[in-house]
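User: I'd like to learn how to read the features of this fold, one at a time. Could you walk me through it?

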Amino acid sequence: MFTGIVQGMGRVLAVEQPAADFRRHTVELPEHMAQGLQTGASVANNGCCLTIAEADGRRVKFDLMGETLAKTNLGRLKAGDAVNLERAARIGDEIGGHLMSGHITCTTPLVRIVRSGRNISMRFALPAAAAPYILPKGFVGLDGCSLTVGEVSADWFSVHLIPETMQRTLFGTRQEGDEINLEADPQTQAVVDTVERVLAQRAG
């Protein structure tokens with residue numbers, strides 16, 4: 001599990017692709033995130049839970065299977081690109097964001113950036129796979145960041161970003177058209193799916 005509080009940004013050092021549906025990424029982690037890393041531990045890359053295949057100091061290798069490449073933006077990364085990183089939460093950690101599984105629902109394009117002084121809003125397309133779970137003032141995970149949903153329309157939703165988020169995450173360099181990993185809030189998803197199932201059973 002993760003909290004959606006990005007702990008640092010890493011740099012992709014190398015990408016190996018021995019097959020169309022398999023890649024191995026070598027990522028350099030910030031110094032403060034590299035302590036006590038072990039093979040088999042989980043680290044979220046742009047919000048996607050990946051397992052450490054090899055660890056050598058700050059250099060960590062992750063294997064990306066076909067499903068990960070199909071459902072996330074990680075397959076678009078190349079050497080030199082940055083990624084948002086968060087190590088798995090531990091029992092007793094402060095939950096500064098919201099509980100996230102690291103299982104990406106889908107990707108969605110950033111369609112508009114609105115700047116007004118120090119206030120920044122970003123508008124994203126509302127994908128059908130996530131639409132039932134994107135609610136005003138609800139939670140959403142975007143590239144691993146726990147964010148509060150602002151406005152929601154029939155085909156887009158927005159979030160409002162503080163300067164700290166812009167400085168410490170990839171959102172400071174994101175541009176319109178970029179594909180962003182989206183994780184629907186698991187608790188919202190559970191409630192919505194349960195209510196829909198119960199209503200369907202009653203109607204049937």
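**Reading the barrels**

Analyst: Let's begin with a closed barrel of 6 strands, ordered β7-β8-β11-β10-β9-β12 and paired in the antiparallel sense. Neighbouring strands in this sheet are turned by 45 degrees against each other on average, ignoring direction. Those angles run from 0 to 180 degrees between N-to-C directions, with axes as lines fitted to C-alpha atoms (for helices, over the stretch in contact). Keep in mind that this is a predicted model, where local features need pLDDT of at least 70 and side-chain atom pairs count only at pLDDT 80 or more, while totals for chains, interfaces and linings use all residues. Residues are numbered from 1 along each chain as its sequence is written, and side-chain values use heavy atoms, with hydrogens and water left out.

User: What counts as a strand, and when do two strands pair?

Analyst: Strands (E, at least two residues) and helices (H or I, at least four) are DSSP runs, numbered from the N terminus. Two strands pair if DSSP finds at least two bridges between them. Here, β9 (residues 139-142) pairs with β10 (residues 145-152) in the antiparallel sense over 4 bridges, and L142 sits opposite C145 in β10.

User: How many bridges join β8 to β11, and how many link β10 and β11?

Analyst: Strand β8 (residues 119-125) runs antiparallel to β11, joined by 6 bridges, with I120 standing opposite L161. Between β10 and β11 there are 2 bridges, again antiparallel, and V149 has V159 as its bridge partner in β11. These two strands form a hairpin with 3 residues between them.

User: Which strands make up the barrel that includes β1?

Analyst: That closed barrel has 6 strands in the order β1-β2-β5-β4-β3-β6, with antiparallel pairing. Its neighbouring strands are turned by 45 degrees on average, direction ignored.

User: Where does UniProt place the domain features?

Analyst: Its unreviewed entry puts "domain: Lumazine-binding" at residues 1-98 and 99-195. UniProt positions are given in the numbering used here, feature names are shortened, and annotations may be inferred rather than shown by experiment. In the model, residues 1-98 are 6% helix and 45% strand, with end C-alpha atoms 10 Å apart. For residues 99-195 it's 16% helix and 43% strand, and the end C-alpha atoms lie 21 Å apart.

**Cores and burial**

User: How do I read a nonpolar core?

Analyst: In soluble globular proteins, nonpolar side chains tend to be buried together. A nonpolar core is a set of buried Ala, Val, Leu, Ile, Met, Phe, Trp, Tyr and Cys residues joined through side-chain atoms within 4.5 Å. Buried means under 20% relative accessible area, exposed means over 50%, and partly exposed is in between (1.4 Å probe, protein chains only). The largest core in this model has 22 residues, and M122, F124, V140, L142, F157, V159 and F171 have the most contacts inside it. β7 (106-116), β8, β9, β10, β11 and β12 (179-184) each supply at least two of its residues. A second, separate core of 19 residues includes V27, C48, L50 and L77.

User: Is V6 buried or exposed, and what about H32?

Analyst: V6, in the segment before β1 (8-19), is buried at 14% relative accessible area. V6 touches N84, L85, G144, C145, R168 and T169, not counting residues up to four places away in sequence. V6 and E86 are 80 residues apart in sequence, yet 5.2 Å apart C-alpha to C-alpha. H32, in the loop between β2 (22-28) and β3, counts as exposed at 56% relative accessibility.

**Cysteines**

User: How many disulfides does the structure hold?

Analyst: A disulfide is a covalent bond between the sulfur atoms of two cysteines. The cut-off used is a pair of cysteine sulfur atoms within 2.5 Å. The structure holds 0 disulfides. The sulfur of C49 is 7.1 Å from the closest cysteine sulfur, in C48, so that's too far for a bond. C106 is in no disulfide either, as the nearest cysteine sulfur, that of C48, is 13 Å away. C49 is partly exposed at 27% relative accessible area, while C106 is buried at 11%.

How values were computed. Contact means heavy atoms within 4.5 Å.
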